[in-house]
Amino acid sequence: MQYRKLGRTGIEISEIAFGCGAAAGLLTSGDHEAQLGAVRRALDLGINHFDTAPAYGAGSSETNLGRLLEETGAEATVSTKVRLGKESAGRLREATVESVEGSLARLGREAVDIIQLHNHVAPEGEGGGWSGHTLSPEDVLGEGGVLEGFRELRERGRVRHFGFTGLGAPDALHALVDSGAFDTIQAYYNLLNPTGGHPAPPGFGALDYGLIIDRAAAAGMGVLAIRILGRGSIVPRAEAGGKTPKTLSRGSDFPRDAERGRALGWLTEGFARTIPEAAIRFALMKPEVSTVLLGFSETAHVEEAAACTGAGGLPEEAMARLRGLWESDFR
């Protein structure tokens, strides 16, 4: 396993990080032996960061992760999140503190290395078009906002670093980066929408994140690349459990992204063994990316991802073909 600096945090993070979300399902299931086997194998392979959230399995992911890390005796860094609902209006700071205290209790930890905002962020009045309850930059940065809650928690020794999930309106996300208040960002970045780290060509149909990875790295932030597999749209298994995954980024609804994903089959013809391998190597090509955060449903997936570290990026021939797809908007 190779390691990179997580921005200014001082953390040396493995190039592959273990996501404990509900989409992959492993850490929200009841199969303790499968969970333990995957976590032990991840640790053996050098993975040293685990990411969870109270929204994953209604807290079960945090509970399971805390138990597994205690059982293995692992020295790993941990990040969790805060997602606030409408009921938190007028008491964002207090609700933030309460949420984190609940997470720490489930994890069985005195502190976490990184606490991250999980809500979409968009300008005031633009929240209706995004998934879940949306917060404005003022909700996050202003008086009585989320950031004040984070700072209170840090003063009490409950959290060490602040981050946010980079989903929502790009201008609002850029405002959080430019505030200088955050140490990390989870950035949406994949073969279908590379605009977090590559310029968007004219007419590109997905949301343009405006090189937010570069902007964050220039500000000293660590970058955790997320949605590398487009929540499954990039790989052949198009749907999970008979349900179409929800849209996380405008212009990237699942059926449209699944159609785009079918245009990537050529990557396994001499460029990579599998599409997931190509997707991971693509993300790791960007030096501003600190780690690739992936969810796993079985130990074999952990091993496949870990094998990509140090494997090198995609060759220029493949990148040229990808740029052609982006410029044509996959037509």
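Which residue stands opposite Leu294 in β10? In this predicted model, that position is taken by Phe18.

**Overall fold**
- The protein chain contains 11 helices and 10 strands.
- Its radius of gyration is 19 Å, close to the 20 Å that the globule rule gives for 331 residues, so the chain is as compact as a globular protein of that length.
- The C-alpha trace spans about 55 × 45 × 40 Å along its principal axes.
- Of the 331 residues in the protein chain, 55% are buried.
- Among contacts with a separation of 6 or more, 71% are made by residues 24 or more positions apart.

**Strand β10 and its partners**
- Strand β10 covers residues 291-295 and is mostly covered, with four of its five residues buried.
- Strand β3, residues 16-19, runs parallel to β10 and is joined to it by four bridges; Phe18 faces Leu294 across this pairing.
- Strand β9, residues 222-226, also pairs with β10 in the parallel sense, over two bridges.
- Ala225 stands opposite Val292 in β10.

- The model has one cavity of 30 Å³ or more.
- The volume of the largest cavity is about 90 Å³.
- The largest cavity is lined by 14 residues, of which Tyr188, Gly230, Arg231, Lys246 and Ser252 are the closest to its centre.
- By class, this lining comprises four nonpolar, five polar and five charged residues.

Technical notes: Residues numbered from 1 in each chain as written. Predicted model: local features only at pLDDT ≥ 70, side-chain atom pairs only at ≥ 80, totals over all residues. Heavy atoms only, no water. Buried < 20%, exposed > 50% of the residue type's maximum accessible area, 1.4 Å probe, protein only. Pairing = 2+ DSSP bridges. 1 Å grid on protein atoms, 1.4 Å probe; cavity = no way out; pocket = protein on both sides within 12 Å on 5 of 7 lines; lining within 4 Å. Points joined across faces, edges and corners; volume = space filled by probe spheres on them. Nonpolar A, V, L, I, M, F, W, Y, C, P; charged D, E, K, R; others polar. Rg over C-alpha atoms; globule rule 2.2 N^0.38 Å. Contact = heavy atoms within 4.5 Å.
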